[in-house]
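Here are my notes on this model, as numbered points. Please read them with the structure open.

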Amino acid sequence: MSFDIAIIGAGMAGASLAAELAGRASVVLLEGESQPGYHATGRSAAFWSESYGGPAVQPLTTASHAFLAEGGFIAPRGALHIADDDGLGELDAFQAAFEGSSVELNRLDAAALAVRVHGLKPRWRAAVEEPSCADIDVAGLHQAYLKAAKQAGADVYCGARIERIERDGGRWRLGWADDRVEASLLVNAAGAWADEIAALAGLAPIGIRPLRRTMIQLATIPPAPPDMPLVVEARGRFYFKGEAGGKLWLSPHDETPEPPGDTAPVELDVAALERKWAGQRSFVADRLPVYGFDPADAAFFWCAGQGGFGIQTAPAAARLCASLLLGKPGSVPGTAIDPNTYSPARLRR
Ligand SMILES: Cc1cc2nc3c(=O)[nH]c(=O)nc-3n(C[C@H](O)[C@H](O)[C@H](O)COP(=O)(O)OP(=O)(O)OC[C@H]3O[C@@H](n4cnc5c(N)ncnc54)[C@H](O)[C@@H]3O)c2cc1C
């Protein structure tokens with residue numbers, strides 16, 4: 001029960017990192033639930049959008065595309081960012097933020113928008129089309145990472161909710177119930193619980209805030225075309241997309257702060273509601289992810305704060321974190337990723 005690297009949390013972050021590290025170091029992946037993927041990872045809206053999260057997240061999303069496409073984990077959809085009169089300023093600012101980047105964004109007028117999404121009210125005046133937006137097979141990707149990690153020699157324990165973290169002769173000792181493991185390096189990939197893990201290890205928090213996000217599935221008349229684009233309101237008030245079987249997935253874009261936990265949607269009085277769920281998107285203050293060693297402890301590594309983009313960025317983020325953990329330069333070859341952007345040091349200045 002002695003390893004080079006112990007990773008706490010087997011959601012998308014921990015699983016993808018374990019897969020990148022296994023075979024190059026001895027790895028143990030520790031998950032508190034009886035199955036990995038129960039929290040944020042199992043509750044996402046499952047899209048890949050290069051613009052989502054803003055220009056500082058985009059290099060991670062873009063760099064993840066090749067892995068996702070080669071593995072057959074994404075399917076084309078396209079997105080439309082729509083604005084009424086009140087949202088035109090936000091739409092302009094959104095488009096301007098990506099000018100000069102590799103993200104293709106095309107302006108549409110009201111007539112072109114009406115052709116793309118039937119039934120939209122005339123008050124939606126303009127849109128920006130993001131053709132590259134895609135759906136992600138989240139469960140398939142997560143399972144593929146877990147399988148790859150195990151095949152390359154990683155040990156995976158479920159039902160291992162870490163309650164004790166001690167330091168013994170420079171090695172970490174992680175305990176749950178009557179069990180424990182030892183490791184040289186500790187990776188905190190505990191999602192909404194990331195600050196609680198730091199506290200167990202005697203380190204300062206990074207200010208993780210879990211924010212509840214609700215999703216609902218509606219039956220519509222006529223049925224929503226499954227290939228309709230992802231439609232995102234420019235002021236961030238809602239998004240929706242068509243799903244298999246003529247269903248519509250919709251989010252009211254809520255961000256309710258709450259303690260880390262097994263969140264549930266609030267009561268909704270909506271006709272044609274078929275299903276609803278909620279998950280926690282966990283952010284630090286600047287809403288960028290946190291990847292790197294803690295400035296106060298060179299054996300404690302943060303892999304947290306993935307907010308609403310932790311699935312679409314996972315392949316590149318896992319490669320970046322693996323290279324940092326293995327003492328490599330910390331860049332991902334052929335990408336525009338700057339590891340300093342995501343360093344925990346920025347939060348302690
Ligand atoms: C409604 C919603 C829609 C979203 N849509 C998208 C989207 O379309 N595209 C996208 O890219 N992202 C999306 N996201 C964001 C994405 O789901 C998250 O960024 C991602 O799942 C975070 O992964 P994670 O592994 O960090 O967290 P989690 O999946 O929450 O995993 C953390 C794990 O750590 C475990 N853990 C915690 N404490 C301990 C402990 N003490 N011991 C052992 N284990 C512990 C937990 O049990 C949990 O399984 C969405 C999120 C939500 C909620």
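1. Start with Arg-43. Beyond residues up to four places away in sequence, Arg-43 touches Tyr-38, Met-215, Asp-262, Thr-263, Trp-277, Ala-278 and Gly-279. Contact here means heavy atoms within 4.5 Å. Arg-43 sits in the loop between strand 2 (27-30) and strand 3 (47-48). Helices (H or I, at least four residues) and strands (E, at least two) are DSSP runs, numbered from the N terminus. Arg-43 is buried, at a relative accessible area of 13%. Buried means under 20% relative accessible area, exposed over 50%, and partly exposed in between (1.4 Å probe, protein chains only). A polar atom of the Arg-43 side chain lies 3.5 Å from the backbone oxygen of His-39.

2. Ground rules. This is a predicted model, in which local features need pLDDT of at least 70 and side-chain atom pairs count only at pLDDT 80 or more, while totals for chains, interfaces and linings use all residues. Residues are numbered from 1 along each chain as its sequence is written, and side-chain values use heavy atoms, with hydrogens and water left out.

3. The ligand. Which residues come nearest to the ligand? Of the 37 residues around it, they are Glu-31, Thr-41, Ala-45, Gly-307 and Gln-312. A residue is near if one of its heavy atoms lies within 4 Å. Helix 1 (12-21), strand 13 (209-219) and strand 18 each supply at least two residues of the shell. Strand 18 gives the most, with three residues.

4. A backbone N or O atom of Met-12 lies 3.1 Å from a ligand oxygen. A polar backbone atom of Ala-40 is 3.2 Å from an oxygen atom of the ligand. For Ile-162, a polar backbone atom is 2.9 Å from a ligand nitrogen. Taken alone, the ligand exposes 1000 Å², and the protein buries 97% of that. Areas come from the Shrake-Rupley method with a 1.4 Å probe; for residues, only the protein chains shown count as cover.

5. Nonpolar cores. A core is a set of buried Ala, Val, Leu, Ile, Met, Phe, Trp, Tyr and Cys residues joined through side-chain atoms within 4.5 Å. The largest has 75 residues. Ile-7, Leu-17, Leu-30, Ile-165, Leu-174 and Phe-300 have the most contacts inside it. Leaving aside neighbours within four places in sequence, Leu-30 has contacts that include Ile-7, Tyr-157, Ile-162, Leu-174 and Trp-176. A second, separate core of 14 residues includes Leu-113, Val-117, Ile-216 and Leu-248.

6. Salt bridges. The rule is a side-chain nitrogen of Lys or Arg within 4 Å of a carboxyl oxygen of Asp or Glu. The count comes to 30. Asp-85 and Arg-125 form one at 2.1 Å, N to O. Asp-85 lies in the loop between strand 5 (79-83) and helix 3 (88-97), and Arg-125 in the loop between helix 4 (110-116) and strand 7 (126-130), so the pair ties together parts that are 40 residues apart in sequence. Arg-125 is partly exposed, at 41%.

7. Another bridge. Arg-287 and Glu-255 meet at 2.7 Å, N to O. The two residues are 32 residues apart and link distant parts of the chain. Arg-287 is partly exposed at 35%, and Glu-255 is partly exposed at 32%.

Technical notes. Polar contact = N/O pair within 3.5 Å; in protein donor to acceptor, adjacent residues only side chain to side chain.
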